[in-house]
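Visitor: I would like to learn how to read a few features of a protein model. Please take them one at a time.

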Amino acid sequence: MENIGEQVVCLIAYHLLFAMFVWSYWKTIFTLPMNPSKEFHLSYAEKELLEREPRGEAHQEVLRRAAKDLPIYTRTMSGAIRYCDRCQLIKPDRCHHCSVCDKCILKMDHHCPWVNNCVGFSNYKFFLLFLAYSLLYCVFIAATDLQYFIKFWTNGLPDTQAKFHIMFLFFAAAMFSVSLSSLFGYHCWLVSKNKSTLEAFRSPVFRHGTDKNGFSLGFGKNMRQVFGDEKRYWLLPVFSSLGDGCSFPTCLVNQDPEQPSTPAGLNSTSKNSENHQFPAKPLRESQSHLLTDSQSWSEISTNPGKGKTGMSNPALTMENET
């Protein structure tokens, strides 16, 4: 590469990709996984009562009473309330206990040994960007090294040890590009379907039964749950995901008779073209980004000028879930 302009462009592109790769990798590693809020922890009296009750219907009745005001729509395979004995809390939807971290993680995707951290609600966007920028970084290196790799086999390079460095660099970048492209493509598919890795292997169970697409709201809303409403932040490793990680909108939740229904006088409609219905908000007024978004994520009243929020919303290894 002899042209000065090409060299400058390549240097800028290289350092930009490298900086974004390191930034997103750093955020993925050092962002602490979020845990369930205090509403999901049992009180001291409830813990004592639970310890006295044997496993069975009486045990479940205690949990049902504790969970009656919580936005919980998923169940165990047997239809019971999802409870963590280790953390002594009622698990929010999409929350799982990580055996490596020894704590419950909101919207847990998997525990990643490459970042030595649990990937969940708080850092899933950073993990996706880490995969994206590492893939672009490897593709860029392989592409810029390709011409010298060809010269290596056609004896067009000087006979120095640098020849073997070029060959190693190309093979390493190319192999990482292939593996990263498959992993990044898989997680893009998960985002489009609003699934976690755990949910892809084991579909969530609702009161009416198992549904693999129970949390899917359509491609556009699924994307915004992870990346947020403001597109200027989508490519930056800064937190912009919607919600609080403890509850999620679902098109199936209104079929659960144990959960609060939409208050009388509200006509649950969505303002965007996807026209999905959202559940009523069973908890107190939330600080959630989803609840404060007046354009795409709210329900409106049929009375003019009286809009109300109609949704409560926040948040690999299979052996890490208990």
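Visitor: How much space lies in the largest cavity?

Guide: A cavity is a space where a probe fits but cannot get out. In this predicted model, the largest cavity holds about 50 Å³.

Visitor: Which residues line the largest cavity?

Guide: The lining consists of Lys 107, Gly 120, Phe 121, Tyr 124, Lys 125, Gln 225, Val 226 and Ser 241. At least two lining residues come from α4 (124-153), and at least two from α7 (219-227).

Visitor: What is the secondary structure of the protein chain?

Guide: The chain has eight helices and eleven strands. Of its 322 residues, 48% are buried. Its accessible surface is about 16,700 Å², and carbon and sulfur atoms account for 61% of that area.

Visitor: Which residues does UniProt list under "transmembrane region"?

Guide: The unreviewed UniProt entry lists residues 6-26, 126-144 and 164-186. In the model, residues 6-26 are 100% helix and 0% strand, with 30 Å between the end C-alpha atoms. Residues 126-144 are also 100% helix and 0% strand, and there the end C-alpha atoms lie 27 Å apart.

Visitor: Where does Ile 12 lie, and is Ile 12 buried or exposed?

Guide: Exposed means over 50% relative accessible area. Ile 12 is in helix α1 (residues 4-30), and Ile 12 counts as exposed because its relative accessibility is 57%.

Notes:
Residues numbered from 1 in each chain as written. Predicted model: local features only at pLDDT ≥ 70, side-chain atom pairs only at ≥ 80, totals over all residues. Heavy atoms only, no water. Helix = DSSP H or I, 4+ residues; strand = E, 2+ residues; numbered from the N terminus. Buried < 20%, exposed > 50% of the residue type's maximum accessible area, 1.4 Å probe, protein only. Areas by Shrake-Rupley, 256 points an atom, 1.4 Å probe, with all protein chains shown as cover. UniProt positions renumbered as here; feature names shortened; annotations may be inferred. 1 Å grid on protein atoms, 1.4 Å probe; cavity = no way out; pocket = protein on both sides within 12 Å on 5 of 7 lines; lining within 4 Å. Points joined across faces, edges and corners; volume = space filled by probe spheres on them.
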